[in-house]
Amino acid sequence: MTTTSDEPTAGAARRRPRPAAQDRSAAQDRPAAQSAAPPTELRVYLTLRSLQRQFAAYLGTPTRARGYPPLEGDHALIIEVAPGLAIERVIDLALKAVPAAEPGLLFVERQFGILELHTKNTDELERAGAAIQAGIHRSPADQLKPRVLYTDVIEDVTDQHAVILNRTRQASMILPGQTLLVMEMTPALYAALAANEAERAAPKNTLVDVQMIGAAGRVYISGTLEGVTTARHAIDAALAAIEGRDH
């Protein structure tokens, strides 16, 4: 004879649903700040001391300075990272550490993110840089070494050549008869270092164009043969002094 009972068995009691608050997964219990994020690649980490007059003016143009334009004598930190959106974390780290710092350029392109940050105080710039390095767990030694792809010095530029260069320039004009220095390098942001150091070494030259975003960076500098030769040597020395990874 089979008997029935209204009392639950021990096994049934163990299978009784738990309250919803106890059914959360371990992942849900972790703070949002600890959620996994892809590692950030530091491609370029440049500190530019005392921005030179022409290069500072170029950075202040609407096509470059989408934020706060820098002034001559400011000190700048220029960074490129991948993935591109990681630059939003980079700027957040910098501005929370140094609220007085001014971002001049914040740009997310197809693959990389780019930030230009400037202050009048080198200590502030160093604090912002330290916060970035700690936040993304990278140091300047992790950046890519610059690689020069092409260099040429063109003497006595023709008037037709000057006209077509001036139609596409982003800085000052080249004049017929001047000597033109052209350089191409990767990563592209090293063109910023090239332009600033070239002007520091030979301030009478004309900064015609700087292309510092994209697959490769380019600088166009005009002046006398002596002036552009001095600029070329200054760029070579500045790029050779950069430590980092081969690519």
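Me: Contact here means heavy atoms within 4.5 Å. Leaving aside its neighbours within four places in sequence, which residues is S222 in contact with?

Reply: A friendly note first: this is a predicted model, in which local features need pLDDT of at least 70 and side-chain atom pairs count only at pLDDT 80 or more, while totals for chains, interfaces and linings use all residues. Residues are numbered from 1 along each chain as its sequence is written, and side-chain values use heavy atoms, with hydrogens and water left out. S222 itself lies in strand β8, residues 217-223 (strands are DSSP runs of E, at least two residues, and helices are runs of H or I, at least four, numbered from the N terminus). Beyond those sequence neighbours, S222 is in contact with M173, I174, Q178, T179, L180, N205, T206, V208 and V228.

Me: Is S222 buried or exposed?

Reply: Buried means under 20% relative accessible area and exposed means over 50%, with partly exposed in between (1.4 Å probe, protein chains only). The relative accessible area of S222 is 0%, so S222 counts as buried.

Me: With which side chain does the side chain of S222 make a polar contact?

Reply: A polar contact is a pair of N or O atoms within 3.5 Å; within protein, one must be able to donate a hydrogen and the other to accept it, and residues adjacent in sequence count only if both atoms are side-chain atoms. At 3.1 Å, the partner of the S222 side chain is the side chain of Q178.

Me: Which residue in β4 is the bridge partner of E102?

Reply: Strand β3 and strand β4 (residues 113-119) run antiparallel and are joined by 6 bridges. For E102, the bridge partner in β4 is H118.

Me: Which backbone nitrogen does the side chain of N196 reach?

Reply: N196 lies in helix α7 and, at 0% relative accessibility, counts as buried. Its side chain reaches, at 2.9 Å, the backbone nitrogen of Q52.

Me: Why is the pair of F55 and Y58 called stacked?

Reply: Rings of Phe, Tyr and Trp (its six-membered ring) pair if their centres lie within 6.5 Å; planes under 30 degrees apart count as stacked, over 60 as edge-to-face and the rest as tilted. The structure holds 1 aromatic pair. Its rings, F55 and Y58, are stacked because their centres are 5.9 Å apart and their planes are at 25°.

Me: Over the ring of which residue does the charged end of R43 sit?

Reply: A charge sits over a ring if NZ of Lys or CZ of Arg is within 6 Å of the ring centre and within 35 degrees of the ring normal. At 3.7 Å from the ring centre, the charged end of R43 sits over F112.

Terms used:
Pairing = 2+ DSSP bridges.
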